[in-house]
Amino acid sequence: MRQTSSLSRAEIVAGEVADRVMRQTLQALLFEGVLQAQRDGREWTLLGRKEDGSAVRYSFEADVKRSFGRIRLVPNSIRREGAADFSLYLFLEEVLQHRLEGSRLSGFLHELTETFVKDSQSRAAQAERIPAAERRYEALESHMADGHPYHPSYKSRLGFSLEDNEKYGPEFDRPIQLQWVAVNAALLDAALYPGRSLEELYDRHLTAGDRSRFALALSERGASDKSYAFVPVHPWQLENMLPNVFAEQLASGDIVPLGAAEGRYRAQQSIRTLASRERTDASYVKLSLSLTNTSTSRILAHHTTQNAPLVSAWLERIASSDEVLQAAGFGLLKEEGGVSFRYDALPPLQYRTAYGTLGAIFRQNVSQHLQPGEEAWPLNAALLRQKNGEPFLREAIERHGVERWSRRLIAAAVVPIAHLLYAHGIALESHAQNIILVVEDLLPKRIIVKDLHDGVRYVPDKLLRPDWQPALHPEPETHRKFNRYSFLQAQTAEDVRDYAYDAFFFICMTDLCWALEEFGLSESEFWRSVAQAIADYQRRHPEHAERYRMFDLFGDDARIEEMTKRRIYGDGELYFRAAPNPLRQAREELGT
């Protein structure tokens, strides 16, 4: 293998990214049982297959972690038999392409290679260290360059060219102009949080000059017999999708391009959500984007835009009336409005291509939830290792110590998530990208959750207040066919519990656990602290004893979605597996 000192910076970055893609691929596929390997202590051996069908041996170092039995490879430990050096492409061919059969395997391989290319590009542009002035929520969102910590295709962004990636990828922090179109009001559905209006939401994004230009565009190109409503559009979507998908509506004047608003925006880590650079009172705007990332299309289904304010109002009613959540300072970034084209007004052929491509959700700005002295971080900032190798958490841990910091984190995050599950029968898709950590003097204080419109799971008759549940817009049959995992109402209490396991404990808390390991906190100490926090909560609230059994977080096995298997084999069936539950083991050690 070539010495690092002889490599260019671009080659070093590409090598680091290739190693990550290979590691996350092996970690996921070994955990989910798609691949099998021989293990001798920390040394693992896996057989690949060459193009001629003969076997080739790959070896690597890995640990089976206490956290759900997840597998963690040692960086730069993957070796190929008979080769001092090998490429990501050869690895993917020999370990996946020539070995596996799946209806979506070729698409998955394409996502992995695109992840390699896009992540190499973005990492080359990263600052060595996040500047002090950028350590605030909106700016930190642009610095969260790592992507999904489990899914192998964590930055595929299918649909973006490299030029698009540089223009619109959050890591590049380029100013983005929000585009707008006028839509025939008869072809548009809007939903609003109680007491909000579209005009109020638009006023935070549009100046008087914007409105004058929009009025001129409508007078020149609109139809006099139609009334219109405004819809924000991502510039990539306006350029690449709307002209083809809505050619007839653009010609008839049912959709009229209005141009860009004056303000400048920055992309958040989800890519399709934009934040104003000038106005802290302006809502974040989540936009339809016909992009595939982590194997998921980033369009906005009609029913999600219409459900967004309903779900927010429901959860806010619960949070504002609940003493435990109030005491914890638990917050919600409410989704105050949603707009969507009425796709059911289209012919079936156009419906299939247009579905989800024109809509937006307006989400509260985090500044509305912060008190003097408080700062907000995306929770996955706690996982971030900056380009210079320094963990983002270093200053906080050095100031407060890893044990105190972790205890405060666990109290801030675990108690409200567990209480929502136990007391109310509600699980949230609370992975680290969807949780905002509020800190004071760099010490965790409380959490705010976001992305609520389709990130909730519950069984209606298991809710504490079933009479409060909103009358939701159902998913259309066409939506259920291509996304069987996108629903809010579950069939059983176990399904709700497993949703909490999946997003919060299996991904979010496990990766936080591993980040804190680097500062000397062992996995066993971390999970004992989590189990103790839950057990203490249960002792304080014996009134929920029956629900502790119903939504048992200390069960023998946690049921985890096999995300990568689904990406290879498709949605023909639901893929889940039982994993050892670190919470149960920790409670047994505590004797509680």
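Where is the place of Glu 138? Select residues 137–143, which form helix α4, and Glu 138 will be found there. Helices here are DSSP runs of H or I with at least four residues, strands are runs of E with at least two, and both are numbered from the N terminus.

The model is predicted, so residues are selected under these conventions: local features need pLDDT of at least 70, side-chain atom pairs count only at pLDDT 80 or more, and totals for chains, interfaces and linings use all residues. Residues are numbered from 1 along each chain as its sequence is written, and side-chain values use heavy atoms, with hydrogens and water left out.

**Whole chain**

The C-alpha trace spans about 75 × 65 × 50 Å along its principal axes.

Colour next by burial. Of the 592 residues, 58% are buried, where buried means under 20% relative accessible area, exposed over 50%, and partly exposed in between (1.4 Å probe, protein chains only). Among contacts (heavy atoms within 4.5 Å) between residues at least 6 apart in sequence, 76% join residues at least 24 apart.

**Domains**

Select 9–143, 175–363 and 372–590 in turn: these are domain 1, domain 2 and domain 3, with bounds from an automatic or database domain assignment. The centres of domain 1 and domain 3, taken over C-alpha atoms, are separated by 25 Å. Domain 1 gives 34 residues to the contact and domain 3 gives 45 residues.

**Helix α2**

Move to residues 88–97, helix α2, and show the side chains of Leu 88, Phe 91, Leu 92, Glu 94, Val 95 and Leu 96, which are buried.

**Return to Glu 138**

Is Glu 138 buried or exposed? Glu 138 is buried, with a relative accessible area of 15%. Leaving aside residues up to four places away in sequence, select what Glu 138 touches: Arg 266, Ala 275, Tyr 284, Asn 365 and Val 366.
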